Amino acid sequence: AKKYLVVGGVAGGASVAAKLRRLSEEDHIVMFEKGPHVSFSNCCLPYYLSGTIEKAEDLVLMTPEKFDKQYNIDARVNNEVIAIDREKKEVEVKDLLSGKTYRESYDKLILSPGAQPVKPDLPGIEKVNTFTIRNVVDIDKLQQSIQRIKPKHITVVGGGFIGIETVENLIEAGYNVTLVQSPDQVLKQFDFDLSQIMHKELIDHGVELILGDRVEAFEKDEVILKSGKRFSSEVIVFGIGVTPDSILAKEAGLKLGKRDTIWVDHNYKTSDPDIYAVGDAIQVYNPISREYEMIALAGPALKQARAVAMHIHGIPVVYPGYIGASVVKCFNYNGAAVGLNERAVKALGIEYDYAFVVPKDKVGLMPDSEELHMKLLFEKPTGRIIGAQAIGRGNVDKRIDVISTIMRAKGTIDHLTDLELCYAPPFGSARDVVNMAGFVASNILHGTFKQVHVDKIRSLLEEGAFVIDVREWDEWDVAHIKGATLIPLSELRKRLDEIPKNRPVYLHCRSGQRSYNAVLALQNLGYTNVYNISGGFIELCFYE
Ligand code: FAD
């Protein structure tokens, strides 16, 4: 029998321990967790603030007793591994309740220590009540504090997915919330254009959204921003990112990777052949960017854990690389993304283009059909899919999951056009959003038509461009872009004499679909310099 020690008892740690047991009954498995709980749902923590999850103890999925009874795993909570003696193959452990230290030997050691929330050392921070969210103790402390303080106002600093989920749940619990985010957008997995939808959603739900400004200092119950703006706030929650909890590995002399992550090979082995590492703390390879990075998502941690247990038992594993498929809910909108966004693609210097479509997520006749905004990025000239983002009220995760699957299989946009997806009106449409994005991307790649995105419309009009609105009269009467000319698609072929041939012509409609048809009609009628304005009036509304 072998002896396996696991550091960290939550996502990656608990999974590796359980899988090791499933692969062998005779081995001795010990799992150390410095906190008081093993195997809790990190991802559900924010939902305790709104009462969606009623009791803090419901967040804890397994207890040390259950680990013992169900898996014969020795799970030791309040036990911190404080050093690794690689020579002797032993760890030094501190029992945080008794203060005593002891040593434990191993055949293989697996590290899954996770990542720590960043808490900035800002002037006056001791004068306010500050919180971060990593575990059940953190969320319970935050919940108990706000129930005691009854704050008139709460500030969430950081608009990543933990920040957004915290804001949503605090609003649902009835608090006044300000969200301060130093970049000019929330949720940086999305590009600026798509993130506007989330900004509107936050504002529509009463969140005071402060973008492009940063918290610089605090006074008693007061937040001071870089811009000089100050406001009262009794509770501050930081969600400004995480750093890998790699100190133990570093002190043991293990090789580190990017951003102080733990370096691992394709079998999740560290620079010591008897020590593996998984989860938020490790460096992973992104096959799209061809770069190493840190990825703090539960799915990869669990899959890495399974792979490590299998590798220890001599079962070959495949290292797939990680492309960051993720999803987030922001009130009534859902947003999912995978791969690289446009910002990242530009920074890497990849030659690319993208399709931007806004079809309905179900057959339009269905009363609950909703617009789904999708951006699909592809490499030129190969058509390789390099990223996708989808935001809507409906099933965005299904669409991004499909694209993520195709990306894993090294697919191109042409694979999306042919993809056979299940359909009935309550679920989607016969040409699903994924197919639509594929059609448009394929048309762009193969030069069927030219496009500019709607964010260019202002500058185009200022330069005197000829912009045609192909929507119908009633839509124009409700609202239209100043400087555009109305030629509804239904009148286009009768009003060709109004459309110049000697200068570029830009066409827009509500979503970019009718204008696409108009562009093709004009091209077939001999116009050579026509552009579709992708995103259309719907996207423009999010900019204004
Ligand atoms: P963890 O699950 O954090 O476990 C690490 C554990 O190791 C910690 O409990 C820590 O106390 C312990 N530890 C560290 N050092 C030692 C030591 N020396 N000795 C003993 N114990 C030690 N991901 C998603 O994919 N989707 C989501 O919706 C999502 N929502 C999230 C919401 C919140 C609020 C948070 C905090 C995270 C969320 N995540 C989400 C991220 C996800 O939880 C992590 O990616 C995942 O838990 C990583 O697993 P891990 O094992 O690396 O780290």
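**A walk from the sheet to the ligand**

Let's start with a pair of strands in this predicted model: S24 (residues 372-379) and S25 (residues 385-392) run antiparallel to each other and are joined over seven bridges. To spot one of those links, look for Lys-375, whose bridge partner in S25 is Gln-389.

S24 and S25 belong to an open sheet of five strands, which go in the order S21-S22-S25-S24-S23 with antiparallel pairing. Going from one strand to the next, the twist averages 10°. Strands in any sheet are held in pairs by backbone hydrogen bonds, in either a parallel or an antiparallel way. There's a helix to look for here too: H9 (residues 396-408) lies across S21, S22 (333-339), S24 and S25, and runs at about 5° to S22.

Next, hop over to the ligand. It has 33 residues around it, and the ones that come nearest are Gly-8, Ala-11, Gly-12, Gly-114 and Gly-279. Helix H1 (11-23), strand S4 (79-85) and helix H7 (298-312) each give two or more residues to this shell.

On the H1 side, the residues involved include Ala-11, Gly-12 and Ser-15, while H7 brings Ala-298, Ala-301 and Leu-302, among others. The contact is made up of eleven nonpolar, three polar and two charged residues.

Key. Residues are numbered from 1 along each chain as its sequence is written. This is a predicted model: local features need pLDDT of at least 70, side-chain atom pairs count only at pLDDT 80 or more; totals for chains, interfaces and linings use all residues. A residue is near a molecule or strand if its C-beta atom, placed from the backbone, lies within 6 Å of it. Helices (H or I, at least four residues) and strands (E, at least two) are DSSP runs, numbered from the N terminus. Two strands pair if DSSP finds at least two bridges between them. Axes are lines fitted to C-alpha atoms, for helices over the stretch in contact, and angles run from 0 to 180 degrees between N-to-C directions. Two residues are in contact if their C-beta atoms, placed from the backbone, lie within 7 Å. Ala, Val, Leu, Ile, Met, Phe, Trp, Tyr, Cys and Pro count as nonpolar, Asp, Glu, Lys and Arg as charged, and the others, Gly among them, as polar.
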